[in-house]
Amino acid sequence: MEGVQLLLPVAQGSNPCIALVTAGMAVLATACWLVIRLVFVKGNTDRRPCEADGMRMVPGSRGLPIIGETLEFLALSPSLQIPAFFQRHLIVSLDPEVTNFVFQQEERLFQMWYPDSFIRIIGTDSLIRTHGLLHRHIKNLALRLFGPENLRREIIHDVQKTVEASLSSWLNQPSIELKEAVSSMIFKVTAKKLISYDSSTSDGKMWKQYDAFTQGLFAFPLCIPGTAFYKCMQGRKNVIKMLKEILDERKNTEEHHESVDFFDVIEEVKAENPDQMTENAALDLLFLLLFASFETTSSGVTAMLIFLTDNPEALQELIEEHNNIRKRKADKNSEITWEEYKSMKFTSHVIHEALRLASIAPVMFREAIEDVHIKVLICCMHVAIYVRNIPEPASGASKDFMAFGGGLRLCVGAHFAKLQMAVFLHCLVTKSSWKAIKGGRMALSPGLRFPEGFHIQLFPKA
């Protein structure tokens, strides 16, 4: 099989050839899997013709009238294995070299692409549809807020204060649903940094709309009042409205606010690229950044605690690492320092392993923009057994760890997410213990989901 060549046809005219590339972390030592969906163009005479557009399609069912195979696509996988829909309809590669090649050829051989239905949800002018210089410029500006210097100087302290306040409030409850609670907690930090929005003094109005959006994200896309998808779209509409009001208020006031936030960054980009960065694009960008910040990280934290609950030895080693950090402090209640955060080696291993086993973003899409020859070994599982002496990827990604993507599209918030997860673990295991009440099952559909949630009860440490 070593000489097998896979040809991804080039997009032509109004009938582009789509390469759907999915990267994820499958459980039981699968570092990542790559899915490539091929829609063949005219000329492949051995395929059934699609009369609607003249293209030659691969054999197989196109599903029910109107809805096609949407129900099967949205069906839960019984575990963290590749969903059955993907296994039956897509070419699956478990070769990290192929995945890495696709990421490294961003904007040369491949470019970001998502289905129209997904674009409708996240916004037609979203960041994921920007390419080239504009995308790189926005990414660099975002790093001004969430880059290492800001993380070290102020964000680490903001995160700790929010985590400690949240954990304290959870102690009084018989149980909490962890993902929802962590999502709300992270939203408070991110909203304050991105748009200077204080969720605690606004009755959580924006968060409630985001929660409605999240609840219907994987629902059947029937936009009729009363359906989960309708509530999802209404939630998005209401958040956009609130963001516009904040943006308009910022434009109309001369009052100097406390620190630079992403509204300031947006205004800078709009001034430099007035034709490309419209107001709608700015609002879609803010909407997506806020959503991505809490949705992915809260999933990672929830998966991490599920794994730790099931692995008491790993949990004990984690507790010992954080207790040792506290013992070295002159003031046991002082804030976590940057040096202490960087010393959390086992914690970093726990975070990486949790994200490897349960990818927070298992589906990524790419479109082939030129003919591409890739050497593929079909159905050969790439095994990456996790051991402690594997070096951590300094940039946030490597061939064996792609939870945050890779290449030009490496997640701009990767270091921010890891910081939040580490600080959360430190505050949790040094001051509290927990007991699983119910839930904890993980599944893909196609994103990471917790069908019954993960309910825990928190106890103060003696």
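The legends below describe close-up views of a predicted model.

Local features are reported only where pLDDT is at least 70, and side-chain atom pairs count only at pLDDT 80 or more, whereas totals for chains, interfaces and linings use all residues. Residues are numbered from 1 along each chain as its sequence is written, and side-chain values use heavy atoms, with hydrogens and water left out.

**View A. Helix 6 packs against helix 7.** The axes of helix 6 (residues 148-170) and helix 7 (residues 178-195) come within 10 Å and cross at roughly 145°, where axes are lines fitted to C-alpha atoms over the stretch in contact and angles run from 0 to 180 degrees between N-to-C directions. Helices here are DSSP runs (H or I, at least four residues) numbered from the N terminus. The crossing of helix 6 with helix 7 is right-handed, that is, the near helix is turned clockwise from the far one by less than a right angle.

**View B. Trp170 in the largest nonpolar core.** A nonpolar core is a set of buried Ala, Val, Leu, Ile, Met, Phe, Trp, Tyr and Cys residues joined through side-chain atoms within 4.5 Å, buried meaning under 20% relative accessible area with a 1.4 Å probe and protein chains only. Of the 112 residues in this core, Trp170, Ile195, Met206, Tyr210, Phe262 and Phe424 touch the most other members, and helix 11 (residues 279-310) gives the most to the core, with 18 residues. Beyond residues up to four places away in sequence, Trp170 touches partners including Ile176, Phe424 and Leu458.

**View C. Phe85 in helix 2.** Phe85 lies in helix 2 (residues 84-89) and counts as buried because its relative accessibility is 15%. Leaving aside neighbours within four places in sequence, Phe85 is in contact with Glu69, Glu72 and Phe73.

**View D. Helix 14 packs against helix 15.** Helix 14 (residues 345-357) and helix 15 (residues 414-431) pack at an angle of about 120°, with their axes 10 Å apart. Helix 14 is therefore oblique to helix 15, a class left over once angles under 35 degrees (roughly parallel), over 145 (roughly antiparallel) and 65 to 115 (roughly perpendicular) are set aside. Ile351 and Leu355 of helix 14 and Met421 and Leu425 of helix 15 are among the residues that make the contact.

Terms used
Helix = DSSP H or I, 4+ residues; strand = E, 2+ residues; numbered from the N terminus. Contact = heavy atoms within 4.5 Å. Buried < 20%, exposed > 50% of the residue type's maximum accessible area, 1.4 Å probe, protein only.
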